[in-house]
Amino acid sequence: MLGYAVRRVSGAVAVLLIMSAVVYVLFFLMPANPAQLVCGIKACTPDRLALISHSLGLDEPLYLQYWHFLVGLFAGRDYSTGPSIVHCAAPCLGYSFQYTEPVLQIIGERLPVSGSLVIGAAILWLSLGIGIGVLSALRRGRWLDHVVNAIVLGGLAVPIFITGLMALMIVCVWLQWMPFPTWVPFDEDPVLWAQNLVLPWIVLALTTMPVYVRMSRAGMLETLAEDHIRTARAYGLPERQVIGRHALRGALSPLITLAALDIAGILTSSVLTETVFGLPGLGQMTVQAVRNVDLPVVVGLVLLIGFVIVVCNTIADLLYAAVDKRVSVQ
Amino acid sequence: MTWRGSSLLVAGLLLAGTLTACGGGAQSASTAFDANNCQGGTLDVLNQDDAASHLDPARLYTSGGGNIPSLLFRTLTTRTRKAGADGAKVAPDLATDTGEPNADATVWTYHLRDGLKFEDGTAITAQDVKYGIERGFAAELPGGAPYLHDWLVGAQNYPGPYKDPNGIAAIETPDAKTIVFHLNSPHGDFPYLATATQFAPVPKAQDKGADYEKHPISSGPYKIESYDKGKSMVLVRNTNWSRAVDPNRLACPDRIEATYGLDPAVINQRLTTGTGKDGDAVTTDTDLGPSELAQLDNNPDLAKRVAKGGFPYTYYIAFDNTKAPFNDIRVRQALSYAIDRTSVVNAAGGSSLAYPATTFLPDNKNMGYQAFDFFPAGKNGDPAKAKQLLAEAGFSNGITITLAHRSADFNQDGPKVATAVQDAFQKAGITVKLQSIDSDSYTTTVSNPATQPQASVEGWGADWPSGGPFIIPIFDGRQYLAGGGNFNTAHFNDPKVNADIDAINKITDPDQAAQRWGQVDSEIMKQAPLVPLFHTTQLRLYGKNVKNAFVSDWTGVYDLSQVSVK
Amino acid sequence: MTAPSEARPGFRVFAGRFRTDRAAVFGAVVAGLLVLLAVFAPVLTAIEGQDIASFHSDLVDSARGGVPLGPLGGISGQHWLGVEPQTGRDLFARIAQGAQISLLVAVCATVVQVFLGVTVGLAAGLGSKLVDTVLTRLADIALAFPVIIFSLALLTIVPDAFPRPLLLALVIGVLGWGGTARISRAQTLSLRTRDFVAAARLSGAGGFRIARREILPGLAAPVITYAALLLPTNVITEAALSFVGVGVRPPTSSWGQMLSTATTWFRSDVMYVLIPAVMVFLTVLSFTLVGEGVRVALDPRTTRLTRKAG
Amino acid sequence: MSESVVSVRDLVIDFHTEGDTVRAVDGLSFDLAAGRALGIVGESGSGKSATALSLLGLHRGGNADVTGSIDVLGTDVLAASNEQVRQLRGNRIAMVFQDPLSALDPFFKVGDQIVEAYRAHNKVDRRAARKRAIEVLDRVGIPDAARRVDAYPHEFSGGMRQRALIAMALALSPEVLVADEPTTALDVTVQAQILDLIHDLRAETGMALILVTHDLAVAAGNVDDVLVMQRGKAVEHGPAADVLGAPSAVYTRELVAAVPRLEQPRESKVVGGEPLVRVDDVHQVFTVGSFLNRTKVHAVEGVTLDVLRGEALGIVGESGSGKTTLARMIVRLLRPTSGRIRFDGRDLADDRALREVRRELQMVFQDPVSSLNPRRTIGESIADPLRVQGEDASRQRVRELLALVGLDPDRIDRYPHEFSGGQRQRIGIARAIGLRPRLLVCDEPVSALDVSTQAQIIRLLASLRSEFDLTLIFVAHDLAVVRQVSDRVAVMSKGAVVELGETDALYDNPTHPYTKSLLAAVPVLDPELARQRRLERGLLTP
């Protein structure tokens, strides 16, 4: 167990370092100059640009910039804001001169939004996806199965921004069932929180769901063909029990890994969702940060994504081992 | 790279649903507006993104200091808050007048009003104004306009108050209420410049450098109750402000709540629908796009809630007049004749959002607009005339040029306009190769002579409604900057024009100056140094309970300090 | 045992199964038509008598933002699918050329993805434990990484002179090999324990020969299956990238680029958004159907392979 | 004879696959009287398993058409409602399956699965059901049943899993037990234990048994009557002693003749000569387990033996004895963890030396499915080693090799799936022989084949051996087969060689207790002898 932990952690650190280095290089190569962007649109003289570059630390060679970043990550780092010095304590992901705040803090403020979005949507797409998939497997070849298949294929072919816009148009404009979603923190008003997130949840879930429908349908069909299902039937277990306990368990355990990856990769998919619904989450911030060439924020986000991927993968491994006892022998 | 696109697309879909949503709307706004009885209510502001801009008076660009900042930051002078051409004039704000110049307009003196206070009750002094200006020089607080840097005597190398607390000698504060500026050359436009947020007072004791923007100290009618950058901001009344000390701002709403991070289409949709609080909503950064116009025809009620204005702006094709083939005036004229302004205007959004340009100055009285068209190309261009000119210049087989444009269409210098130009030039035997440049680095690339493309689609807007800032950076031969930040992409250098510019700079009467700028414009355009394409106009929606949302020729949009939701 | 003689194992079985799958056949027909449209785009456009770049200011209503005059987005005998708002350019010409770009980019990207994925998968499956761990982690990252950030950065770095469609194909391909790699690795791991690999080793065959002769043919079925499903995904990705403004350069058109400008016109010119949307939808749907058909026909039990691997 | 508990008439089972219809069972009829045991015997594809499944109505909802009539304990299985069939299943007629690995749900505890089955038919609370589960687990010989009731299937060995399944049946005290190849996947000693267990349980409870098996000897010792099936039809049906002792049908006669006899001595070649392979204190340690839990498995622990030039050395052992690992180390598919293997004086650990002798060490594999690349023609598969070694790899040469192993050379361009298991094994042999190796290691070359095919392959190997002057290592779990082939035999258990000697000497006078128990467990064809052996086993293991 200790060996496992050591391997996982060291692997994760390596992965994160590589990812952050790649981002540094990429942004360094990008034509847009962050100093130029803060300097102003008109008449930014070269010496003023140089001053700004210096104050942002952009005049240093790339490897030094990255080195300072690494040092900051482990030892914290000081940033000058003019009259005073801001200390960014370790693990310092950097300081955004756009937001005038340490990156970690900015991310922390936005995490609840993306978190709420993802967790709610995940619950939806998992339950709906699995439910429909299983039902379609049990009705294999019948009309329900065909309908589900068609919907799944359609769902795969319609990008999320179309679904999101349609939903907004229909629910908020035509039917006026609810106002346009805005972000209300959970601790402020749980009911409003949920009310505002319902639509984004549904839309995100709808676009993520098709894969789960297919997987659970296929998994179900495969498990139903397995020997132990025959055993269960041969011993006269009621069909409800055969399906509900034995088939389901086998069919769904492979979904754990998939779900972990999807939840980890959600930042990508939440980009458009958050943009369409105007939710001030990490996805929306990613868009703004890339647009503003806000390197510290982008690096911070990338590290966060990497970290989440590693964590989700680890959780998936452990969970899988817990569900399928063959994987781990205690 | 633009993410605008992703959000823009929302618009059409959303607006598609408007008709049913707002059938019989506008009865609530029936009572007439009364400035003396407009106070109360909460105004909602629905905006896209404020993460990249900074709510620090030192970091706001002059023309960017328009709406919310002017509720917090009072400046020495300000714009007259009036509709149309009357709104493009300077009015005193903190100062008692728009400035007392010396004879050649190189020294400007201002006196502060009585009873001015910050939100915490401390008195506003001339030293506070001076300190605010000095902050704008600090490299830690970039973003402001460069005029003070260029105009003040000996200020070019001033590093800001954090590195040099001695301050700028060219700004004198003989007493707490007087401030004097010494300029290195005549600038009759100085009162316009004094409307910039750099001229807002900042109490030195409360300066936190880059962190100041989290809670800037207000001198205006509102102060910040809470501010979460990129997400939301709440403004409440500043009890240390009153109309008695500020004749310009009405400040009707009791409270202003701004939401950031919204999709532009969602903003327009919410303003259109106007359910609940959205009836009291406005936006300060979202205009209507071409695809959203058709519905205005079908919805007269909605059409009434559109503020129409023209922020002075000109789009044009720029090229280096010193390089072949553009060093031949006949080639330049040929380009002017070849352009099809109808298709270009259509590409820019159609006749409701743009109008053809044959002058460089936009149709704005205060800027000195004079109508002329030296190379009449008609509605759809005159390719025959262009061909003839080219042949005269020795290009009977036509020419090939590379035209750069911004990679995305969120301004009017993107692929749409560029392809319209390409198509029109084709007919005149001018083959255009398009070069797409990433949006974020476009301005940097075209404004650096070392990287300047052969030709490019560019736009220019006024920092204030006067001919000076519109013409000088583009056509003053001495403003050519070989190291970058150069907007004289034509490399235009006409001694007569240079002399005219110097002369007009000494004029302190705006009307007289405007007259002269119009003449300069015509003088320049005769030489066809660039091909003017079109000027833009803006259409902006406001909520159905919002009153007094008028538009001035200065900003082109409605003014939050004047609107009411009561 | 199946007896009849045939060129490849099970090809006839495959073709037979595929043919009985009505959805797959429908998909194949639609996909075929789309490919024909792409291939003969210049010819068809010439028959129509239009081109992709000519503006028609007389066909749009300038005062109303430039909506096409006439019903259904200006559909007429001259303009089979109507014209583009604002510019009045011929939509059929642009759609046909868009088919060229979209399909070309998607196919090339798929080739790149498959090539990289199979190479990495083979290396991971046959290499040492360390190689395997490193490559597997890389594939994990590649799978879950916010590709869009990297695409944006990459596409802005490369100079304009580089042909955009090729660049798009490369970027999509280079960033999207994770899935193929996983599948290839899993299949390699399963194949390498087979006795025929042991037999090859006994004959003295080296690692490269084994990879090429023994493993690679075995990767074909799952990889082809996966690739058939990757292709429609790449169509969407191309659309998305063109959509955010880093796609092909004007006046070249692609469906994604058309969609990005078209969606705002939903209300004022529904045909303008409908046409590229339907094209993307048809492409994705038809290729997905073909992919599904291939998958089922190749091996009804590969169902879980696509995501389970690893 | 009492009345029938199972009565099958004109049973026809058709499977539908993609437009194809395959008739698995074609007009089968038989009866089973209460308390009696019927063996259904046949080679693969004879329809015996399909018959067994049909008795419990397990084809319901599948892609099979079942017609005729099946009467089980008065219930018409084909006509009854789902609920009626459910009531019947497990409770009155239970089934034990072939593969104990997959027959239990891996996600649930063994005890819980028994409890579940028990409660499906008995209205009792969990507690009582659990008590019953422990009771039956204990009865079927699961040690420490009270604790193991909470174990997961993977924590059980194959034999224990089969016991657990039997326990599940036992818990419900059915009147008929259908055992479908219940011991095929098990080692010979475990097979004997399981068969003995079923035998004892029958004696105790008086339940009737239908034993489906491919192994005539297994049937011989455990049933009263035998039904021989071929291609869905019964070819012979009668008392076990008659059918197996004096078969009347031709097919049965061939079948019986092909069964390798353990007690049959062979004419051993006199083997002298110096050793070709010297195995010196060889160890192999594998690291296995998932990421959470790695354990070291000692597959081979200190084996030392010589393989003499020209001999056929048999290596027998049960699964996990390390015999395959040893074989793979000898041909250097595996590098020994420690110890040394020399071939013709060269140390195989040295890569240069290995390259020189690589072609001389060839192998024939167990699984005819996995040993040929399904994506390549058999011609390519055979030519490949020749090509690698720079030999003549012409089509002519490949055709010669095909002819040599008794295959039609014209089928050179066919793919493996077009061949039967035996034919594929011949292809594998052709591939190995092509390089004219000096040592041929055969790893369970016939265990996946039907008996009749087994005999052919063994004959082929024998003829090739003399023709090419091969030294042969023959690895197998089947003691009778090994005796047929080998000059000397090594018995392996738990990674070590426990006994090594001349074949006849070892089989007739085993010295090591493990060898003894192994030999005692082998099923025999003669029902009388089988009874005797069972008694002996009872004495051997208390």
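## Chain C

Chain C has 13 helices and two strands. The model described here is a predicted one. Chain C is 310 residues long, and 61% of these residues count as buried. Taking contacts in chain C between residues at least 6 apart in sequence, 73% join residues at least 24 apart.

## Chain A as a whole

In chain A there are 14 helices and four strands. Its C-alpha atoms fill a box of roughly 85 × 60 × 35 Å along the principal axes. Chain A contains 330 residues, of which 51% count as buried. For contacts in chain A between residues at least 6 apart in sequence, the share that joins residues at least 24 apart is 65%.

## How the chains meet

Five pairs of chains are in contact, and among these pairs chains A and B share the most contacts. Chain B and chain D, by contrast, have no contact between them. The closest C-alpha atoms of chain B and chain D lie 43 Å apart.

## A helix pair in chain A

Two packed helices are described by the angle between their axes and the distance between the axes. In chain A, helix H9 covers residues 227-234 and helix H10 covers residues 239-252. The axes of H9(A) and H10(A) come within 10 Å and cross at roughly 150°. An angle over 145 degrees counts as roughly antiparallel, and H9(A) and H10(A) are therefore roughly antiparallel to each other. The crossing in which H9(A) passes H10(A) is right-handed.

On the H9(A) side, the residues that meet H10(A) are A:His228, A:Ile229, A:Ala232 and A:Arg233. On the H10(A) side they are A:Val242, A:His246 and A:Ala247. By type, the residues of this contact between H9(A) and H10(A) are four nonpolar, two polar and one charged.

## A hairpin in chain A

Strand E1 (residues 77-80) and strand E2 (residues 85-88) of chain A pair in the antiparallel sense over four bridges. A:Arg77 in this pairing stands opposite A:Cys88 in E2(A). E1(A) and E2(A) form a hairpin with four residues between them. In the turn, A:Gly82 has a positive phi of about 115°.

Which residues of E1(A) lie on its covered face, and which on its uncovered one? A:Arg77 and A:Tyr79 make up the covered face, while A:Asp78 and A:Ser80 make up the uncovered face.

## A sheet in chain B

Strands of a sheet pair through backbone hydrogen bonds, either parallel or antiparallel. In chain B, five strands form an open sheet with mixed pairing, in the order E8-E9-E10-E1-E11. Strand E8 (222-228) and strand E11 (281-282) of chain B stand at the edges, and each has a single partner strand, so one side of each is left without a neighbour in the sheet.

Within the sheet, strand E1 (residues 42-46) and strand E10 (residues 255-259) of chain B pair in the parallel sense over five bridges. B:Thr42 stands opposite B:Arg255 in E10(B).

## An enclosed helix in chain B

Helix H10 of chain B spans residues 329-338, and eight of its ten residues are buried, so H10(B) is largely enclosed by the rest of the structure. The buried residues of H10(B) are B:Val331, B:Arg332, B:Gln333, B:Ala334, B:Leu335, B:Ser336, B:Tyr337 and B:Ala338.

What covers these buried residues of H10(B)? The cover includes helix H12 (383-392) and helix H13 (415-427) of chain B, along with strand E13 (313-319), strand E16 (430-437) and strand E18 (531-536) of chain B.

## A helix pair in chain D

Helix H11 (residues 250-258) and helix H17 (residues 451-468) of chain D pack with their axes 8 Å apart, at an angle of about 50°. H11(D) and H17(D) are therefore oblique to each other. Their crossing is left-handed.

From H11(D), the residues D:Glu254, D:Leu255 and D:Ala258 meet D:Val451, D:Ser452, D:Gln454 and D:Ala455 in H17(D). The residues of this contact divide into four nonpolar, two polar and one charged.

## A buried residue in chain D

D:Ile473 is found in strand E18 (residues 471-476) of chain D. Is D:Ile473 buried or exposed? D:Ile473 is buried, because 24 other C-beta atoms lie within 10 Å, and 20 or more is the mark for a buried residue.

D:Ile473 and D:Ile315 are 158 residues apart along the chain, yet their C-alpha atoms are separated by 7.3 Å. Leaving out residues up to four places away in sequence, D:Ile473 touches D:Val307, D:Leu313, D:Ile315, D:Ala327, D:Ile330, D:Leu439, D:Val441 and D:Cys442.

How values were computed:
Residues numbered from 1 in each chain as written. Chains lettered and ligands numbered in written order. Predicted model: local features only at pLDDT ≥ 70, side-chain atom pairs only at ≥ 80, totals over all residues. Axes fitted to C-alpha atoms, helices over the stretch in contact; angles between N-to-C directions. Parallel < 35°, antiparallel > 145°, perpendicular 65-115°, else oblique. Left-handed = near helix turned anticlockwise from the far one by under 90°. Contact = placed C-beta atoms within 7 Å. Nonpolar A, V, L, I, M, F, W, Y, C, P; charged D, E, K, R; others polar. Pairing = 2+ DSSP bridges. Buried ≥ 20, exposed ≤ 12 C-beta atoms within 10 Å, placed from the backbone.
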